[in-house]
Amino acid sequence: MFSLVDEEIEAYCEAHSSPEETVLYELFRETHLKTVRPRMVCGHIQGLFLEFLSQFIQPERILELGTFTAYATICLAKGLKENGLIYTIEENREYESIITNSLQ
């Protein structure tokens, strides 16, 4: 499989990062089972990076264009200020049920 990141670097990151939360693991699995292009999901390491950025900045609002199945949405939302809002837009209605279930 083609990857932009060397396998050894990815293995190192996985070994030295916190484990993937159950809800994110289940969403990742569901994405791979129910979508045609599952590689579009950001995944564990990218999700942790997005969570870190969001927690560092602590935005009041986030605009996400291209929700896909909402993995990144969940990660980004963790850094919002109290009562913050995340606006996320996905034009492909095929993902609507996955998005709705993952954000409940």
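**Reasoning about burial, helices and salt bridges**

Mentor: The face of helix α2 turned away from its buried side carries two exposed residues, Thr-22 and Leu-33. Please keep in mind that this is a predicted model.

Trainee: Which residues of α2 are buried?

Mentor: They are Leu-24, Leu-27, Glu-30 and Thr-31. Viewed along the axis of α2, these buried residues fall within an arc of 125°, so they line one face of the helix.

Trainee: What do the buried residues of α2 pack against?

Mentor: Their packing partners are α4 and α5, the latter covering residues 96-102.

Trainee: How do you know that the span of helix α3 agrees with its number of residues?

Mentor: The 15 residues of α3, numbered 43-57, should span 21 Å at 1.5 Å a residue, and the end C-alpha atoms are 21 Å apart, so the two agree.

Trainee: Which residues of α3 are buried?

Mentor: Gly-43, His-44, Gly-47, Glu-51 and Ser-54 are buried. Down the axis of α3 they fall within an arc of 105°, so these residues line one face of the helix. They pack against α1 (7-15), α2 (22-34), β1 (61-65) and α4 (71-77). On the face turned away from that buried side are the exposed residues Phe-56 and Ile-57.

Trainee: Which residues form the nonpolar patch on the surface?

Mentor: Phe-49, Phe-52, Leu-53, Phe-56 and Ile-57 form it, and together they have about 570 Å² of accessible area.

Trainee: Why is Leu-53 called partly exposed?

Mentor: Its relative accessible area is 31%.

Trainee: Why is Leu-80 called buried?

Mentor: Leu-80 has 17% relative accessibility and therefore counts as buried, the cut-off being under 20%. It is placed in the loop between α4 and β2 (85-89). Beyond its neighbours within four places in sequence, Leu-80 is in contact with Ser-54, Pro-59, Glu-60, Arg-61, Ile-62, Leu-85 and Ile-86.

Trainee: Is Asn-83 buried or exposed, and how do you know?

Mentor: Asn-83 is exposed, with a relative accessible area of 71%, against a cut-off of over 50%. Asn-83 is also in the loop between α4 and β2, and its phi is near 65°, a positive value in a residue other than glycine.

Trainee: What is the phi of Ala-70?

Mentor: Ala-70 has a positive phi of about 80°, although it is not a glycine. Ala-70 lies in the loop between β1 and α4, and it is buried, with a relative accessible area of 0%.

Trainee: What makes Glu-21 and Lys-78 a salt bridge?

Mentor: The closest N and O atoms of Glu-21 and Lys-78 are 2.3 Å apart. The rule requires a Lys or Arg side-chain nitrogen within 4 Å of a carboxyl oxygen of Asp or Glu, and the pair therefore qualifies. Glu-21 lies in the loop between α1 and α2, and Lys-78 in the loop between α4 and β2, so the pair ties together parts 57 residues apart in sequence. Glu-21, at 38% relative accessibility, counts as partly exposed; so does Lys-78, at 28%.

Trainee: What is the N to O distance between Glu-51 and Lys-78?

Mentor: The distance is 3.5 Å, and these side chains meet in a salt bridge. Glu-51 is in helix α3 and Lys-78 in the loop between α4 and β2, so this pair ties together parts 27 residues apart in sequence. Glu-51 is buried, with a relative accessible area of 15%. Shared partners join Glu-21, Glu-51 and Lys-78 into one network of salt bridges.

Trainee: How far apart along helix α2 are Lys-34 and Glu-30?

Mentor: They are four residues apart, which means a separation of about one helical turn. Their side chains meet in a salt bridge at 3.0 Å, N to O. Lys-34 is exposed, with a relative accessible area of 58%.

Notes: Residues numbered from 1 in each chain as written. Predicted model: local features only at pLDDT ≥ 70, side-chain atom pairs only at ≥ 80, totals over all residues. Heavy atoms only, no water. Expected span 1.5 Å × (residues − 1). Buried < 20%, exposed > 50% of the residue type's maximum accessible area, 1.4 Å probe, protein only. Arc of directions from axis to C-beta. Contact = heavy atoms within 4.5 Å. Patch = residues over 30% accessible without salt bridge, like charges linked within 9 Å, V, L, I, M, F, W, Y side chains within 5 Å. Areas by Shrake-Rupley, 256 points an atom, 1.4 Å probe, with all protein chains shown as cover.
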